[in-house]
Structure formats: C-alpha cells, structure tokens
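Me: Please take a close look at the aromatic rings in this model. Walk me through them and then through the parts that surround them.

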Amino acid sequence: MFRAALRNYLEAAARRAMAAGALPTVPLPEVEVDVPRGRRHADYASNLPLALARICGRPPREVARALVDALEVPPQQVARVEVAGAGFINFFLAPAWLHELLKQIHAAGEAYGNRDLGGGRRVNIEFVSANPTGPLHIGSGRNGVIGDVLANLLEALGYRVTREYYINDAGLLVHTLAQSVAYHYFAHFGHEHPFPEDGYRGEYVRELALRLAERDGAIWLERPEEERLAAFRDFALGEILADIRRTLDAFGIHFDVWFSESSLYEQGAVDRVLARLRERGLLYEQDGAVWFRSTSFGDEKDRVIIRRSGWPMYYAADIPYHLNKLERGFDHLINVWGIDHIGDIARVKGGLAALGVDVSRLEIVLYQHVRLRNEGELLRMSRRRGEYVTLQDLLETVGRDAARYFFCMYSPSVPMDFDWKLAQERSQENPVYYVQYAHARISGILREARQHPVGRGIVGPAAEGGGWAVDPAAVQRADLSVLTHETEVALLHALGELPEVVTAAGMRREPQRLCAYARGLAEAFHVFYTQCRVLSDDPVLTVARLILADAVRLVLRRTLGLIGVSAPERM
C-alpha cells in the first residue's frame with residue numbers, strides 16, 4: 001500500500017520536473033521503493049535519482065533535489081522527505097497514514113491485498129499433470145502447491161484463472177503400465193507372462209491386477225493381447241486417476257479442467273499438427289525415426305518426434321494441446337514443470353513457433369527437485385522400483401497445512417529438503433505452527449475481550465470463518481493516534497506490506513514470498529504481545545490495540561488463505 005503510493009508520487013514528480021525543465025525529458029526507469037534495513041534512517045527509500053542520473057548525465061544528488069522539489073505528497077501521509085547519501089530519497093510516514101491503514105484493512109477484510117492488474121485477462125495454469133502410472137509422489141506435491149498458490153495470487157490480482165490437469169493417458173508409458181498389470185494378473189492365476197522392459201514394479205501395480213482379477217475373474221487370460229492390454233490400460237488409468245483425485249482433494253487442490261491427451265489423438269489433432277510441420281519442411285526421417293528440426297528454433301539439436309517403434313514422443317501431443325488451449329480463448333498459458341523437463345521447453349515452443357504462435361504467451365515455471373529427510377536421513381525414491389513416499393503418505397503423517405506451507409516456503413528455483421520430522425512438531429521451530437499460533441493467540445485475545453468491560457462492547461462474531469472480530473463501526477470511530485509504541489508502529493508497517501507482497505509473489509512467480517511475509521508478521525506480533533498489554537484499564541488504548549490485533553488476525557488469515565493453509569482459532 002505505502003510503497004505503491006510513494007512510487008506514484010515519485011513518477012508524478014519526475015514528470016513534473018521534466019516538464020518544468022528541471023530535468024531533461026528522458027524515458028522514466030522503473031521506480032523502486034524499498035524498506036531500509038531496520039528502518040534506522042527512514043521508513044522507505046528510493047534509488048530513482050541514481051537510475052535517472054545515469055540516463056540524464058546529471059549528478060545523482062542534483063537529480064534527487066529536483067525530484068524532491070517537484071514532489072507533491074499529502075502531509076497527512078508523509079511527514080518529511082530527505083535527500084540522503086549518494087542520491088537516495090528517504091520518506092518518513094505520518095502516523096495518521098499508518099493509522100488510516102487499519103481502517104482500510106478492516107473495511108477490505110478478505111479482499112485486502114487485492115489489485116486489478118489483470119483486468120480480467122484469462123490465464124490457464126496447468127500443473128501437477130503427473131503421469132497416471134502410479135500414486136502421486138512428493139514432487140507432485142511441490143508442483144501442486146506452486147501452481148495452486150500462483151492461481152490464488154493471480155486471482156487476487158484481477159486475472160480470470162483456470163486450473164487445468166493434463167492427463168497423459170496415451171503413449172508408451174500407459175502401455176507399459178498395462179503390460180506391468182498383465183504380468184501380475186497372469187501370475188495371480190498361476191501363469192507366466194513376460195514383465196515389460198522398464199515396467200512398473202510398485203506394490204500398487206500388483207494390487208491393481210488383484211482388483212481387476214476380483215472384478216473380471218480369469219476372462220482375460222485367453223483374450224487377444226491388444227484387447228486385453230486396452231482393457232488393462234483403461235482399468236489401471238481409472239483406478240489411478242481416482243486415487244490422484246482423492247489425494248489432490250485431501251491436499252486442497254481442485255481443477256476446473258481435466259484434459260485427456262488421448263482425446264487429441266482421437267480427434268486427429270496430433271496428425272493435423274504433424275502434417276502441418278511436414279508441409280513446412282520441419283520433419284524428416286532418419287534411422288527409422290521421424291525428427292523435428294528443433295534447431296531452427298533455438299534447440300541444441302534436432303529431436304525425435306516419432307520413435308522407430310512408431311510411438312510418438314510426448315511433445316507430439318503437447319504442441320496441439322497448447323494450440324487447443326489458445327483456441328479456448330486464454331490470453332496467457334502457464335505450465336508448472338519439474339526441472340527435468342527443462343530440455344523440453346525449446347521443442348514445445350519451437351513446434352508452436354513453427355505454426356505461427358506467439359510463444360511469449362506460453363510461460364514455463366520450473367521447480368527444482370524435492371528430497372525427503374527424516375531426522376537427517378535422506379530417503380531415496382524411484383517410481384519404477386516402487387520405492388517412494390507418496391503424497392498421501394505425507395499428508396497422513398504431517399497434515400495438509402504443514403505440507404502446503406513447507407512446499408510453498410522455498411523458491412521454485414532451488415532444490416528443497418522436506419524435513420519430515422520438523423513438519424510434525426508443535427513448536428516455534430515449525431514455521432507453519434509459529435504463524436498459525438499467532439493467529440490463534442489473537443483469536444484468544446478477542447475471546448477474552450468478550451469478558452472485558454471495554455472489549456465486550458466492540459467485539460462480536462467474525463464475518464468470516466467463525467471466531468470473534470472487532471465491530472467495523474468501532475474501527476471507524478476509534479482514536480488510533482495512541483498507537484505510538486515502537487512495536488505497534490512496526491506492526492503497522494508490516495501490515496502495509498501485504499499488497500506489495502501479493503503483487504510481487506504473483507507477478508514474479510515467487511509464492512515463497514507469502515511464507516516469508518507471514519513469518520515476519522507473526523514475529524512482529526509476538527514481539528508486540530510481549531511488550532504491550534492489549535486489554536488494560538485504559539479504554540482508549542484497549543480499543544486501539546484490539547483493532548490493531550484484529551487487523552493482524554485478518555492479514556494472517558488472508559495470507560494463510562492464499563497459501564491454502566487454515567487459520568485456526570485455537571491450537
């Protein structure tokens with residue numbers, strides 16, 4: 001809130017200075033407003049004079065003075081402005097602006113932090129999309145949280161978001177799954193059957209075969225192989241997809257669209273794209289395979305698109321799939337992919353570019369691998385060997401809240417170690433517990449306020465999620481000028497940062513910013529709570545501090561909601 005307003009004031013000042021001739025007319029660089037470390041020298045500072053000085057060819061302090069002279073800021077918002085250092089502009093906020101923030105938070109409620117940057121533009125976010133060849137593993141959990149939280153953020157920023165799961169139900173992998181089920185099916189009836197090369201060995205495959213045998217008996221032993229494998233594939237896909245849906249539901253992830261890869265083949269979309277690429281001379285045959293000239297689009301080498309066996313590579317369907325998304329009217333496409341797919345970006349975008357698509361409309365958010373640690377020991381996982389911890393195992397052990405928070409806590413660009421033991425702790429060392437405890441503590445204060453002579457007159461049922469809240473009418477008439485303690489001021493500054501955090505987390509695709517913010521706000525509240533008594537004999541101060549505490553509760557609840565984590569009333 002504060003930073004956005006200060007940026008606007010600086011941009012207007014720069015334009016006025018240029019129009020008056022105090023500065024040469026040049027393109028205005030991006031205006032940055034930051035929080036100085038510890039706010040020792042100012043509440044906010046901008047390096048705009050340094051950036052403009054390089055363009056104008058003027059000394060930074062001279063540019064800074066010209067900007068300050070042209071600044072027009074309401075005195076009830078900014079107490080003073082200074083030129084500092086080599087060419088920074090420092091801002092000191094007026095207390096009234098900080099206090100006004102509390103009224104805005106209480107008025108906005110669950111909408112606090114929202115901005116209309118998207119203008120209703122349609123965005124498709126495709127995430128998870130794990131091959132339906134086995135239960136979801138913890139890597140899919142990280143994928144899911146990144147995609148779901150980004151969707152929440154973009155919705156908060158005014159985009160119309162569709163969450164989509166791409167079901168890879170065609171091709172060699174599901175064929176191999178069917179062969180793996182057949183091996184166990186035949187073994188169940190005492191018959192030998194070859195196990196496929198690179199087959200799936202998990203216990204879940206044997207269980208699929210047993211359920212199939214229980215349903216159908218031995219009827220498939222004598223059926224033609226093609227018919228048998230088609231039935232086994234359909235059965236296994238149905239069972240695994242049902243399990244995936246149950247797990248995602250337990251994880252708090254719900255999709256608007258489940259899109260089947262096989263539908264692209266059934267509708268001829270893949271053949272049509274291959275024909276168009278051939279017409280453009282972008283496919284050729286070599287060594288019995290069909291190759292795509294992906295080097296024409298920045299790839300390091302051409303890639304096989306149809307194997308010698310006749311099985312298409314996955315991206316043969318990926319190209320028409322993305323065309324399909326665009327045909328459905330989406331303005332922008334975002335895919336969340338694991339880092340192991342980094343090499344696939346060039347060939348998919350190359351295929352789209354070959355067909356005349358503006359590939360800037362397709363964005364790939366890559367995330368690094370997840371490693372699971374339990375009391376320091378690294379657990380190794382392999383789906384093919386059947387040696388891995390499923391996402392359902394994780395949820396049953398640590399719960400939805402801890403799983404989502406931990407997956408969101410790290411930048412997608414860095415590998416993460418999921419600390420199985422820490423996620424189960426009910427202590428301040430567990431970051432999600434620490435943040436939720438702050439919310440629960442405030443909820444407890446509001447419950448207690450119902451018995452206080454002052455509190456009972458302004459605290460009533462909360463409009464959202466149960467519990468108690470300060471009456472919005474009391475917020476508007478309260479005297480908030482008494483909130484002058486340094487911990488109160490620190491809390492007010494922290495509350496004002498949520499809109500900036502939401503914008504940066506969403507537009508920069510950095511959902512981890514929400515967790516860092518939630519932790520910082522919870523810490524600021526805990527410090528305030530240890531130094532300032534909320535319910536006291538001073539009625540004016542009690543009302544003001546209840547309003548401040550309730551604003552923190554609202555903002556913590558809002559932040560946790562964006563992450564997909566609950567905000568408990570009690571711990």
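Reply: The charged end of arginine 80 sits over the ring of phenylalanine 92, at 3.7 Å from the ring centre. "Over" requires NZ of Lys or CZ of Arg within 6 Å of the ring centre and within 35 degrees of the ring normal. Arginine 223 does likewise with tryptophan 220, its charged end lying 5.0 Å from the ring centre.

This is a predicted model, in which local features need pLDDT of at least 70 and side-chain atom pairs pLDDT 80 or more, while totals for chains, interfaces and linings use all residues. Residues are numbered from 1 along each chain as its sequence is written, and side-chain values use heavy atoms, without hydrogens and water.

Now the ring pairs. Rings of Phe, Tyr and Trp (its six-membered ring) pair with centres within 6.5 Å; planes under 30 degrees apart are stacked, over 60 edge-to-face, the rest tilted. The whole structure has 24 aromatic pairs. In one of them, tyrosine 185 and phenylalanine 232 have ring centres 5.0 Å apart and planes at 65°, so this pair is edge-to-face. Tyrosine 185 belongs to helix H6 and phenylalanine 232 to helix H8, so the pair ties together parts 47 residues apart in sequence. Helices (H or I, at least four residues) and strands (E, at least two) are DSSP runs, numbered from the N terminus. Both tyrosine 185 and phenylalanine 232 are buried. Buried means under 20% relative accessible area, exposed over 50%, partly exposed in between (1.4 Å probe, protein chains only). Ring pairs join Tyr185 and Phe232 with Phe186, Phe189 and Trp220 in a cluster. Trp220 is also the ring under arginine 223.

What is helix H8 like? H8 covers residues 225-250, 26 residues in total. From first C-alpha to last, H8 reaches 37 Å, close to the 38 Å expected at 1.5 Å a residue. That expected span is 1.5 Å times one less than the number of residues. An α-helix has 3.6 residues a turn, so residues three or four places apart point the same way. After H8 comes glycine 252, with a positive phi near 80°.
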